Amino acid sequence: AFVVEHHDAYPRPASERQIADLLRWARSQPSMKVHPAVVVKGSGLIASMPVAKGTPLIGVMGQHFLSEDGGGEDCQRLLAAAPGAEQWPLRLALRLIEESRAEASPFAEYVKSLEERHGSALLWSVNQAGELMYLPVFEQLKSELYDLRAFHQQHLEGRDFAGAPVDLKTFASFVAIAWAGGIEVEPGRRALLPLLGLVGPPEGPAAGEIVLGGRVPPPSCELGVEPGGATGGVAFLAAARDVAAGEALTRDVGLGPDELLLRHGLPTRNNAKDNVATITRVNKDDMLRWQLNAFKRTLGVKPAPATGDIVVRSYVRRGKKLKEAIDERLLFCTRVLSCEKEDEFAGGAAWLRGSDDAEVQGLGGLTPDLRRRCLTALKDAVGSTREAFQSTKEQDIEFITKLSGHRQVAAAFRLEKKRILDDVLVLLERISDREVERRAIKKQAAETGT
């Protein structure tokens, strides 16, 4: 599935001169507005002076939206071959290729400003992606690449498009740009927006500090889009807070850490949306009949015909309480498997015979022995997920200081997953300690008669 074979295929952003040329062009356009404070630094935009919260910084009218529809007859034919809602990056990439090869495109300056090699994981090698050591993201990446490769093979391979052939790596590069930069300008319709596309997640300008343990700064801007109208809509960027002179222009792109890695090739830290996937695997022969029925009815899972295994996918994340940190599917598994009799499964009626939206009540209602069993099972599940990584936290920290490019990002990504698992294990230990304290207090009360 992977398009890039070499380990040294690191991102190559646009130069400061390319971005400066784009900014000058944008300021010359009647349908684009740029605040005087917006200037270029490196491959991004910064504020050259203090900017108050709410100040409009960039505005782009609809005629400058490079959208996933439109294009010439040949492009329209290819767009029709990718009609799926999730195939919008392919459609945007086709439009971008067409504009990049047009003799007189209104997007010529924008195309010149695009990075030579994007950081998206679509352009990582298989070994670089393998260093994530995290199967859910690796599998999602592989699926995206298979779709990209299949479309290219069926519709582009061996044919000219916009006057020339499109090889697989070129197509993947344009898809990576589209996947990272596509903005929903109205429901179900995305576009690439010149200049505004340079204002990305705060993890971008701060990537060097984040991989070394630094914090993620809050986004400095917010993006708004007003669809429709005679001009085709308008997109505008405004200061989300007071912005200091020299501060990078960034915005919340609405992606979780896994998607941020896939689309932008960026790590993050202490993100509230971050979680770690877990897998519970149990054979039907090791389950009681009522346990098997509970899994089938409540979780909608059945034993695999060949192996008899039941696999339940869930997740854990940081939280102050058990119900915040442990996904209800994992809680359900541990409650069911810790009970020998259905009668012991306190709260089971809510899951087995109640409404679909019944809330999990943590470990409430279970006897002390069953709570201990559940906590032990949860610690084992989180611990085994932690052990599945092929490196230690200490090794990752050392790797980060010695590596660069995608390999450094991969090490930072997996390190953050391990930190989440460790935080969950600390929470489970704290809950276990409280259980011990409760038992000791009850025992002392029983002995003293108080």
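At 28% relative accessibility, Val311 counts as partly exposed, a class that covers the range between buried (under 20% relative accessible area) and exposed (over 50%), judged with a 1.4 Å probe and protein chains only. Val311 belongs to strand β13, which spans residues 309-316; helices (H or I, at least four residues) and strands (E, at least two) are DSSP runs, numbered from the N terminus. The model is predicted, and for that reason local features need pLDDT of at least 70 and side-chain atom pairs count only at pLDDT 80 or more, while totals for chains, interfaces and linings use all residues. Residues are numbered from 1 along each chain as its sequence is written, and side-chain values use heavy atoms, with hydrogens and water left out.

**Surroundings of Val311**

- Contact here means heavy atoms within 4.5 Å, and, once neighbours within four places in sequence are set aside, Val311 is in contact with Ile279, Thr280, Arg281 and Val301.
- Leu403 lies 92 residues from Val311 along the chain, and the C-alpha atoms of these two residues are separated by 36 Å.

**The protein as a whole**

- The protein contains 16 helices and 13 strands, and its C-alpha atoms fill a box of roughly 90 × 55 × 50 Å, taken along the principal axes.
- Of the 450 residues in the protein, 48% are buried, and among contacts between residues at least 6 apart in sequence, 72% join residues at least 24 apart.
- The accessible surface comes to about 21900 Å², with 50% of it belonging to carbon and sulfur atoms; these areas come from the Shrake-Rupley method with a 1.4 Å probe, and for residues only the protein chains shown count as cover.

**Charges and the positive patch**

- The protein carries 59 positive and 61 negative charges, whose mean positions are 4 Å apart; Lys and Arg count as positive and Asp and Glu as negative, whereas His and the chain ends are not counted, and each charge is placed at NZ of Lys, CZ of Arg, CG of Asp or CD of Glu.
- Lys284, Arg289, Lys296 and Lys302 gather on the surface in a patch of positive charge, where a patch is made of residues with over 30% relative accessible area and no salt bridge, like charges being joined within 9 Å and nonpolar side chains (Val, Leu, Ile, Met, Phe, Trp, Tyr) within 5 Å.

**Salt bridges**

- Side chains of opposite charge can pair when their charged atoms come close.
- A salt bridge is counted when a side-chain nitrogen of Lys or Arg is within 4 Å of a carboxyl oxygen of Asp or Glu, and by this rule the count comes to 28.
- Asp69 and Arg189 meet through their side chains in a salt bridge of 3.2 Å, N to O; because Asp69 lies in the loop between β5 (66-67) and α2 (73-80) and Arg189 in strand β9 (residues 189-192), the pair ties together parts that are 120 residues apart in sequence.
- Asp69 itself is partly exposed, with a relative accessible area of 38%.
- Arg263 forms a salt bridge with Glu259, with the closest N and O atoms 3.0 Å apart; both residues lie in helix α9 (residues 257-264), four residues apart, about one turn of the helix, and Arg263 counts as buried at 18% relative accessibility.
- Asp369 and Arg372 form a salt bridge in which the closest N and O atoms are 1.8 Å apart, and both lie in helix α14 (residues 368-387), three residues apart, about one turn of the helix.
- Asp369 counts as partly exposed at 43% relative accessibility, and Arg372 counts as partly exposed at 30%.
- Salt bridges that share partners also join Arg269, Arg318, Glu416, Arg419 and Asp423 into one network.

**Loops and backbone angles**

- Most residues other than glycine have a negative phi.
- Ala162, although not a glycine, has a positive phi of about 55°; Ala162 lies in the loop between β6 (160-161) and β7 (164-165) and counts as partly exposed at 31% relative accessibility.
- Asn270, also not a glycine, has a positive phi of about 50°; Asn270 is found in the loop between α9 and β12 and is exposed, with a relative accessible area of 52%.
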